[in-house]
Amino acid sequence: MITDIFSAVFANATIGIILSDSRGRMLSVSHYALKLFGYSEAEMVGQPIELLVPDSLVHLHQNLRKSFNVRPEVRPMGHGRDLHVKRKDGSLFPAEISLSYFYRESELYVVAYIIDTTYKKEAEQVLIEQKNRIEQLNAELEQKVADRTNALMVTLHQLELSKDELSKALTTERELGELKSRFVSMASHEFRTPLSAIQTSADLLNKYTTTEQQDKRNRHIQRIKASVNHLNDILEEFLSVGKLEEGKIEASYALFDLDELVTSVIADVQGLLKPGQTIQTEPDCVGNVWLDPSLVRKMLANLLSNAIKYSGENKPIRVRFRCRDGRVRLSIEDQGIGMSADDQKHLFERFYRAKNVTAIQGTGLGLHIVAQYLTLLNGTIDFQSQLNQGTTVTISFSHEDDSAH
């Protein structure tokens, strides 16, 4: 009976599934795969898998298949590239293909899972429409409030300049499977909230026309500015991930005073503190350190922002740093909501957010970016957290003192 169930699952799967042997000969083809490629079962079974490969890539695919046989692994095909496969009529269509394998009586068998990505263009179109909507709102807001606040005009201008870079970042971030689903879900949610706030406030500004209503106008202008700043922060995180993936960010070492840098970052995040929250420091570092001050600043600002965001009112945050034996250790400790052990397994994945923070704004990119910066500096990170008991994040690096430079 189990065999019958598995056969039914294989036959009725909503993605294309092809089983082949180590020589690339197709042994079994799901009904959906037959529909995708336009063949009958008799026309595919027993034929080489290269039947489905574009003519110009057949030789390359044969070599890749031989390499896979030598070292098989479960993985997506063509990571970072657009794949196309060939139908019976010779036409091509874009596809995502994942490979798995198994052995039976010492014989290697390969399973290919094929998804037609033609209709994913619709999801991309949704993102384009959202960006066009942002552009339209920017133009409307600039017209309505240009005579009231120069600061808002500057912010909107920065957002306008960022959109082209966002488009490139999103293109770079088109990956397979679950990562794409997470991104679409997260982006639609995170953009919708500030855009709704901007739209509502912009509509209400039209109703407040008298001098006596200036306070109400100011309140909605501040709400618009806060929403635009939030959008800009999201865009900056997207851009940082894209630049890191493209190798456009490199470490630039210099001598600097770590104590001064920590004090400066703490001053920058004061505006984020909730009522009663304080940031306490415990410095233990004499002299300058030889690191990249820009990357260290960004990591510290990111970790402090998280500590503030995920801690309640009247909760202290402690920053400890020390320089000893050629190592710099920097710890941020909070008494916030913490993170479960299960969520910590996905700590540095892009777009991943813990189950207990879904009601708090965020993109799930912050710790991923910190981890990438640490890689550039050959640093390490230690994460200790328990639900409702707080979190301590410690980053450490090798460094050299003043005498070495």
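The buried residues of helix α9 are covered by elements that include β7 (254-256), β8 (278-284), β9, α10, β10 and β11. Contact here means heavy atoms within 4.5 Å, and helices (H or I, at least four residues) and strands (E, at least two) are DSSP runs numbered from the N terminus. The model is a predicted one, in which local features need pLDDT of at least 70, side-chain atom pairs count only at pLDDT 80 or more, and totals for chains, interfaces and linings use all residues. Residues are numbered from 1 along each chain as its sequence is written, and side-chain values use heavy atoms, with hydrogens and water left out.

The buried residues of α9 are Leu 258, Leu 261, Val 262, Val 265 and Ile 266. They lie on the same side of α9, because they cover an arc of only 135 degrees around the axis; the arc is that of the directions from the helix axis to the C-beta atoms. An α-helix has 3.6 residues a turn, so residues three or four places apart point the same way. On the other side of α9, Glu 260 and Thr 263 are exposed. Buried denotes under 20% relative accessible area, exposed over 50%, and partly exposed the range in between (1.4 Å probe, protein chains only). The N-terminal end of α9 is capped by Asp 257, with a side-chain oxygen 2.9 Å from the backbone nitrogen of Asp 259.

With a relative accessible area of 9%, Phe 256 is buried. Beyond neighbours within four places in sequence, Phe 256 is in contact with Leu 261, Asn 288, Val 289, Leu 291, Asp 292, Pro 293 and Val 296. The C-alpha atom of Phe 256 is separated by 8.5 Å from that of Gly 287, 31 residues apart along the chain.

Leaving out residues up to four places away in sequence, Leu 258 touches Cys 285, Val 289, Val 296, Phe 321, Cys 323 and Val 328.

Two loop residues call for a remark on backbone geometry. Most residues other than glycine have a negative phi, and most peptide bonds are trans. Asn 314, in the loop between α10 and β10, has a positive phi near 65 degrees, and counts as exposed at 57% relative accessibility. Asn 388, in the loop between β12 (380-386) and β13, has a positive phi of about 65 degrees and is exposed at 66% relative accessibility.

Across the whole protein there are 12 helices and 13 strands, and 42% of the 405 residues count as buried. The mean pLDDT (the predictor's confidence in each residue, from 0 to 100) is 77, and 67% of the residues reach 70 or more. Over residues 175-181 the pLDDT is below 50, and this stretch has 12 contacts in the model beyond near neighbours in sequence.

Technical notes: Polar contact = N/O pair within 3.5 Å; in protein donor to acceptor, adjacent residues only side chain to side chain.
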